[in-house]
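Open the model in your viewer and get ready to select. We will take one stop at a time.

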Amino acid sequence: MKMTGAEILLEALRREGVEHIFGYAGATICPAVDVLRSASDIGYTLVRTEQNAGHMASGYARVTGKAGVCLVTSGPGATNLITGVATAYLDSIPMVAITGQVPSGLLGRDIFQEVDITGSTDAFTKHNYLVKDAADLPRVIKEAFYLATSGRPGPVLIDIPIDIQNQEVEAVFPDEVNMRGYHPSVRGNDKQLDHVAEAIGLARQPVIVAGGGVFLADARDELQLFAEAFGIPVVTTMMGLSLLPSDHPLNMGMIGSHGNLCANKALAKADLLIMIGTRVADRAIIAPEEIHRRMPSIHIDVDPAEIGKNLQPELPLVGNAKVILQQLMERDIQMDCIEWRSQLQEKRIEELHREYPWREESVTPGRLLRALGKKLQRDAAVCVDVGQNQLWSCKNLWLKDTRFLTSGGLGTMGYSLPAAVGVKVAQPERQTVVICGDGSFQMSMNELAAVSSRKLDIKILVIRNGVLGLVNQIQHTAPYHGPFGVALDGSPDFEIIASAYGIPSIVLENDALLDGALERFLETEGPCLLIANVDPACTTND
Amino acid sequence: MKKTISVLVENQAGVLNRITSLFSRRAFNIDSLAVGVTDDPTLSRITIIVDSGNSVVEQVEKQLNKMVEVIKVRTLDESTYIGRELMILKVAATMKTRADIMTICNICGAKVSDISTTSMTMELADTPDRLNTFQDMMRPFHILEVVRTGVIALQKGGGKI
Ligand SMILES: Cc1ncc(C[n+]2csc(CCOP(=O)(O)OP(=O)(O)O)c2C)c(N)n1
Ligand SMILES: [Mg+2]
């Protein structure tokens with residue numbers, strides 16, 4: 001059947017099971033947008049800047065496991081999207097980004113709204129396509145979704161010139177992808193699994209380091225079963241937060257420069273490291289050489305290039321985390337580390353129940369986040385921004401089966417609110433909470449429009465300290481000479497901002513009012529903004 | 001240490017660009033890179049010479065393997081491959097020096113491909129080492145221009161990558 005490129009796009013998206021698109025139209029994407037008009041089965045959210053289409057698609061993808069889809073116009077639309085795509089890339093989030101492009105015959109002439117977006121995004125897409133014939137579209141779209149969601153997931157960008165969207169061709173939709181250069185590993189090598197099982201059996205002080213890859217492989221349950229079967233303590237990276245509930249007896253917290261003491265102690269004193277779905281990034285494992293010197297390690301990852309990139313493990317094991325954990329569970333491993341475990345547990349409990357100072361004039365961030373976490377529904381989704389607000393959340397937010405979503409790899413301010421929109425669009429019934437700073441909120445508060453227009457029940461906590469807190473904290477530390485360019489002077493009254501979007505708000509002034517304010521905040525019907533006043537002198541340890 | 005990596009890739013626009021940008025953003029140093037189509041017109045072979053330690057070479061291989069358009073990557077075994085590079089070299093030549101230049105060309109196996117009253121241009125396909133020697137020998141005559149292709153290589157014997 002003859003179809004236009006735009007019609008093929010719509011049909012191919014349907015075949016991939018796409019139910020929602022986050023987008024922003026412009027001239028060169030108009031043919032595609034025009035066919036979406038008639039597609040009542042595919043939802044559409046208009047963002048307020050393209051970066052947030054990327055973040056929304058990311059939030060959507062992270063809770064559904066499906067690729068998030070965004071659609072923007074060429075030139076400035078595409079360049080605005082870049083931060084969203086790069087953010088997804090660094091956290092291996094499945095995403096398909098579709099960009100309009102100037103007519104293919106005019107490519108390379110710098111005509112109005114032309115940028116080389118495939119060239120620009122080579123470094124932070126898993127793959128990208130510039131489509132020059134509409135007949136290629138069915139294959140390209142099928143491949144794009146397969147690439148985005150299989151192996152190590154990531155964003156894939158498809159650039160479609162406007163004439164290709166209008167081109168009429170005979171469309172043939174393939175049932176399968178066939179890429180001779182792409183064959184991700186799934187199962188772990190059996191021999192290597194024997195060695196791994198043996199090493200685990202010999203360990204007395206093992207620790208599992210679990211990262212975001214465990215979520216990506218949908219292996220949260222397998223991780224818990226595996227850890228419980230052998231009683232192995234678990235620490236996580238920031239991307240692995242919420243893999244286990246905060247008070248799970250094997251959860252020792254988050255490692256790294258901003259991590260928990262107990263988790264870092266476990267990492268330092270272990271006699272075997274079992275890394276699963278983590279790329280040994282610098283913020284999580286600060287001194288890989290030192291770790292390497294002290295203890296042997298097992299590294300399980302679906303991406304062979306991550307193994308040995310930052311730390312050379314004794315036992316590399318390539319494959320899907322879920323499958324490998326199942327394979328490991330089938331082995332007969334005898335191991336006992338009860339002494340080690342109880343040492344750590346003591347420390348952990350101390351940390352979990354630490355006392356916070358009492359503040360009359362402002363809110364203590366740690367106290368606020370612990371209390372908030374405890375009041376959330378079991379399976380809430382919490383979208384956390386970047387800065388002190390994020391590090392306070394990592395350390396103190398009490399997680400149950402909560403899903404903790406943040407921009408770990410790129411640390412993109414402004415991520416939390418649009419990510420929450422993506423979560424809520426995918427799962428309207430799920431309690432969804434945003435935690436952000438007053439700086440990061442101002443990077444994406446224009447997306448309150450999406451909250452308001454779709455009447456999304458998202459609870460937004462803005463931690464207002466009047467500064468770019470984390471930078472302020474760094475500037476107070478040698479070799480720097482004091483704060484500069486971090487005071488958020490001229491910030492608007494967030495209550496008025498919220499009400500301008502028809503969203504109610506609550507201001508929380510001090511610790512004494514905390515419980516009541518949190519209850520009102522969470523019980524408000526529909527969206528609500530909670531503005532917590534925090535002393536700018538607070539550091540990430542508060 | 002120098003390593004020779006042979007890469008089979010889809011013969012498509014943009015692939016070479018992706019590979020070179022991968023090298024620069026991952027801070028891999030390459031000595032040379034040569035590319036050409038194979039007997040299968042949908043495939044190109046790229047030969048890359050990397051001057052780095054083993055762990056870097058391993059990363060290079062793995063990162064190349066991750067690229068969708070890369071079909072096979074193999075680090076060639078030093079002792080069992082044929083590596084050749086083509087050089088074209090133009091040197092100042094007068095009636096007085098021409099004979100000496102010819103002697104060196106004969107010794108090194110270079111072929112004279114152009115001659116003028118003031119210059120001679122030679123071509124030589126050989127290992128990079130021998131090209132270096134030839135170039136050194138020509139230097140006293142005053143080299144005007146040199147161009148080299150970078151090494152291309154294949155494994156010896158009946159196997160293929
Ligand atoms: C897009 C972007 N720009 C700059 C930074 C650098 N940065 C990291 S944290 C931070 C301060 C964040 O301020 P705020 O949102 O108020 O959070 P707080 O630290 O005060 O909790 C900045 C500027 C960043 N991570 N992302
Ligand atoms: Mg702030």
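Which domains does the domain assignment give for chain B? Domain 1 covers 2-76, and domain 2 covers 82-153. Colour them separately. Keep in mind that this is a predicted model.

**Stop 1: between the domains**

Select domain 1 and domain 2 of chain B. Their centres, taken over C-alpha atoms, lie 29 Å apart. Eight residues from domain 1 and five residues from domain 2 make the contact. Together the two domains of chain B bury about 420 Å² between them, with 63% of that area from carbon and sulfur atoms.

Now pick B:Ser32, B:Ala34 and B:Thr47. On the domain 1 side, these lose the most area to domain 2 of chain B, together 61% of what that side buries.

Look for salt bridges between these two domains: the count is zero.

Next, show strand E2 (30-37) and strand E3 (43-51) of chain B. Each supplies at least two residues of the domain 1 side that touches domain 2. By class, that side has four nonpolar, three polar and one charged residues.

**Stop 2: between the chains**

Bring chain A into view. Here 18 residues of chain A are in contact with 20 residues of chain B. The chains bury about 1,400 Å² between them, 43% of it on carbon and sulfur atoms.

How many salt bridges cross the interface of chain A and chain B? There are three. Zoom in on B:Arg18 and A:Asp122, which form a salt bridge with their closest N and O atoms 2.8 Å apart.

Conventions: Residues numbered from 1 in each chain as written. Chains lettered and ligands numbered in written order. Predicted model: local features only at pLDDT ≥ 70, side-chain atom pairs only at ≥ 80, totals over all residues. Heavy atoms only, no water. Domains from an automatic or database assignment. Contact = heavy atoms within 4.5 Å. Buried area = accessible area lost by both parts, 1.4 Å probe. Salt bridge = Lys/Arg side-chain N within 4 Å of Asp/Glu carboxyl O. Helix = DSSP H or I, 4+ residues; strand = E, 2+ residues; numbered from the N terminus. Nonpolar A, V, L, I, M, F, W, Y, C, P; charged D, E, K, R; others polar.
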